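Let's take a friendly tour of a protein model, from its overall build down to a single residue. Have a look at the picture before reading on.

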Amino acid sequence: APVLLYPSAPALSRITLGSSNFARENDAATAFTLMDHAQKLGVTLFDTAATYSAGASELVVGAWLASRRPEPGRLMIATKIYPPYTPAAMEAAVTASAARLGVETIDLLYLHKWDPEAATPAALTTLDQLVRSGRVRTLGASNFNAHQLGTVLTLQKELGLTCFTVLQNNHNLAVREVDAPLRELCAAQGVAIVTYSPLGGGFLTGKHRGGVEPGSRFAVVPGMQPVYIHAVAEQRLARLAAVSARTGHAMPHLALAWA
């Protein structure tokens, strides 16, 4: 059945359009083309973050929204805020993200990464107030493991606060951060799972097998390299290449099929 995160929400599409490379590898014109194409294909969830190109990705998505003016309830726009998760910092971050997106209400707000401050009554009460005030429609957690997410969900319920309804983690053939305990927790708690980087930032295309390709995402964002360039991921890449050679299916095609 389609997943509805709040009463007026569109049903979540199986594919989400991410925008980490907007205003970075992709200029605004290219980003507009991608968003137009995604909407035409029925994608209903567009994903950005305050840290993507220091807010410039949100500005591009906001400019597209202002230009295209999609029907209310047609799309869901997700963004993410980064630590610190103090009440003042979170309030300021949400205000800034909403302004860049040109919206009064953020459809889906993620905490972008785990931080111990996320599991404090002050942080969770602030998130609850953001929802109750109408500034945010629903809440999500990104890059949390099962223990971290379980701790926060338990505290939210104990305090009678709005709970996270979405988890977004990295998950692909090379790097897997949605393990069985996390899937079981999400199923039990009614948390929808969104995964990102089905091609591992280009790693699973095989283009870095001879070294990091100049101008690629791994070159532009060097911090991605240690996430993928290690023995386990390299072994999985080698197996992918072997299956590709045996079957005639391109490596990106197989990686996307796995995801």
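Predicted model: local features only at pLDDT ≥ 70, side-chain atom pairs only at ≥ 80, totals over all residues.

Local features need pLDDT of at least 70 and side-chain atom pairs 80 or more, while totals for chains, interfaces and linings use all residues. Residues are numbered from 1 along each chain as its sequence is written, and side-chain values use heavy atoms, leaving out hydrogens and water.

## Overall build

The protein has ten helices and seven strands, which are DSSP runs numbered from the N terminus (helices: H or I, at least four residues; strands: E, at least two). Its radius of gyration, taken over C-alpha atoms, is 19 Å, close to the 18 Å from the globule rule (2.2 Å times the number of residues to the power 0.38), so the protein is as compact as a globular protein of that length.

Along the principal axes, the C-alpha atoms fill a box of roughly 55 × 40 × 35 Å.

## A closer look at L237

Where does L237 sit? L237 belongs to helix α9, residues 231–247. L237 counts as buried because its relative accessibility is 2%.

Beyond its neighbours within four places in sequence, L237 is in contact (heavy atoms within 4.5 Å) with F203, L204, G206, R209 and M251.

Key:
Buried < 20%, exposed > 50% of the residue type's maximum accessible area, 1.4 Å probe, protein only.
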